[in-house]
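Student: I've got a new model open and I'd like to learn how to read it feature by feature. Could you walk me through it?

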Amino acid sequence: MNSSNWLLYGATGFTGELIVEEAVRQGMKPVIAGRSEARIREMAEKFGLEWKVFSLVDPQSIRAGIRGFACVLHAAGPFIYTAEPMMHACIDEGAHYLDITGEIPVFQIATRLGSRAEDTGIALIPGVGFDVVPTDCLARYVADASPGSENLEIAFAAISNPSQGTAKSAIEMMPRGFLTRRNGDLQRISPGSGGKKVQFSDKERFVLPVSWGDLETAFYSTGIANITTYTSLSRGASMFLRVFGPVMTLLFQFSPVRRSAKKFVDLFVRGPGAREQKSGRSYVYVKVSSAAGKSREAWLETIEGYVFTAKSALLCVKEVIEKSPKGFKTPSVAFGYDLVLRIPETRILDSIGNQ
Ligand SMILES: NC(=O)c1ccc[n+]([C@@H]2O[C@H](COP(=O)([O-])OP(=O)(O)OC[C@H]3O[C@@H](n4cnc5c(N)ncnc54)[C@H](OP(=O)(O)O)[C@@H]3O)[C@@H](O)[C@H]2O)c1
């Protein structure tokens, strides 16, 4: 396998840099790329890597930038603005496309472009980070063990501060509202509603429905038509969303409001520091059930979400180059649910006691 024949775009971001550090630690040698020359060059010199500079504005420059690579790992978000041009370039140049998005519209774009990707023999696999690898793999694991399930609940607790990119992507998704999937269709729900307690493998937490990427990916991976995705939030944050969520989804329709919110993020959001990255843990809970009352639950524990993202994205780079799947795929469909178990300190527990 030639794992150096791949390009990391968006290497200068918070998560991009974590991916570069981890790649170098693992002996991988990506070519790193981004749109700002000074920062890319500095980083390439620091890590001893080759580099390229191109923006995502002109399709011909993107094609020229990725030409000759077997795979592109895209880490420049919010992906609502950056994913589609890169997907088109990957299809045109015959390079596998992976990204670390969690944005629902990006999974929808990849689904739409899936048959073109299949025709050219490349894979489009968005969501190879914490969103959605652990949740997608656990949902697949439980659904496969309970055929005929009609409802799927996925909850996660990621105990670390968000990065600027994560906060900005959330701001970009806010106008689309809070979603759930019912009878195969995405439906809006009232922000801050539907909260409940969930027993994770370490402790019970209060969780609230949010629009997580699994509303798309788990539908594809499991075929279950009723899906709710939850995250753990303090009761204070839940109350805030209940009171201000409806007005926020309206106000965030306006790009000047989103721009101001993103400036606030630049000033105040820093992402998890080294200590948090080392000690942070992440927890996932999945439950499937049927109308007949049969249900099954499973739990997953793993490392801190950003560290997880770097490791799982690199694992998926290796897998996609080696296995060469084709068309749109979710991580669990492309590589199997047990992909997640190859991330250090990760384990699955289920309701019949398997591990
Ligand atoms: N799946 C997961 O669990 C997971 C985990 C971590 C991050 N993410 C996602 O990954 C994305 C990046 O997060 P981050 O924390 O690394 O953010 P960040 O620190 O803000 O970095 C963003 C990177 O993207 C680049 N970029 C942004 N817009 C661009 C554009 N239009 N064209 C070219 N480059 C562009 C930036 O380049 P400049 O410096 O030139 O602006 C920078 O390199 C976010 O969407 C985040 O939600 C997902």
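**Reading the model**

Tutor: Let's start at the ligand: helix H7 gives the most residues to the shell around it, four of them. Before going further, note that this is a predicted model, where local features need pLDDT of at least 70, side-chain atom pairs count only at pLDDT 80 or more, and totals for chains, interfaces and linings use all residues. Residues are numbered from 1 along each chain as its sequence is written.

Student: How are helices and strands defined, and how many does the protein chain have?

Tutor: They're DSSP runs, numbered from the N terminus: helices are H or I with at least four residues, strands are E with at least two. Here the protein chain has 13 helices and 16 strands.

Student: Back to the ligand. Which residues come nearest?

Tutor: A residue is near a molecule or strand if its C-beta atom, placed from the backbone, lies within 6 Å of it. There are 31 residues around the ligand, and Gly13, Gly77, Gly129, Ser163 and Gly165 come nearest. The elements that give two or more residues to this shell are H1 (14–25), H4 (79–93), H7 (164–173) and H12 (305–323).

Student: What classes of residue make up the shell?

Tutor: Ala, Val, Leu, Ile, Met, Phe, Trp, Tyr, Cys and Pro count as nonpolar, Asp, Glu, Lys and Arg as charged, and the others, Gly among them, as polar. By that scheme the shell has ten nonpolar, 19 polar and two charged residues.

Student: Is H7 mostly covered or mostly open?

Tutor: The test is a neighbour count: a residue is buried if 20 or more other C-beta atoms lie within 10 Å of its own, exposed if 12 or fewer, and partly exposed in between, with C-beta atoms placed from the backbone. H7 is mostly covered, with seven of its ten residues buried. They are Gly165, Thr166, Ala167, Ser169, Ile171, Glu172 and Met173. Their cover includes H1, H4 and helix H10 (255–268). Over the protein chain, buried residues make up 48% of the 355.

Student: How is the chain divided into domains?

Tutor: Domain bounds come from an automatic or database domain assignment. This one gives domain 1 (6–128 + 307–336) and domain 2 (133–305 + 342–350), with C-alpha centres 23 Å apart. Contact means that the C-beta atoms of two residues, placed from the backbone, lie within 7 Å. As for the ligand, its shell draws at least three residues from each domain.

Student: What about the nonpolar core: how many residues does the largest one have?

Tutor: In soluble globular proteins, nonpolar side chains tend to be buried together. A nonpolar core is a set of buried Ala, Val, Leu, Ile, Met, Phe, Trp, Tyr and Cys residues joined through C-beta atoms within 7 Å. The largest has 102 residues, and Val72 and Tyr97 have the most contacts inside it. H12 gives the most to this core, nine residues. Leaving out residues up to four places away in sequence, Tyr97 touches Val72, His74 and Met86, among others.

Student: Which peptide bonds are cis?

Tutor: Omega is the angle to look at. The bond from Gly77 to Pro78 is cis, with omega near 5 degrees, and Pro78 sits in the loop between strand S4 (71–74) and H4. A cis bond also joins Asp131 and Val132, with omega about 15 degrees. Val132 is in the loop between strand S6 (123–125) and helix H6 (133–145).

Student: And where is phi positive in residues other than glycine?

Tutor: Ser324 has a phi of about 50 degrees, in the loop between H12 and strand S15 (327–328). Ser324 counts as partly exposed because it has 13 C-beta neighbours inside 10 Å. Glu345 has a positive phi near 55 degrees, and is found in the loop between H13 and strand S16 (347–350). With 11 other C-beta atoms within 10 Å, Glu345 is exposed.
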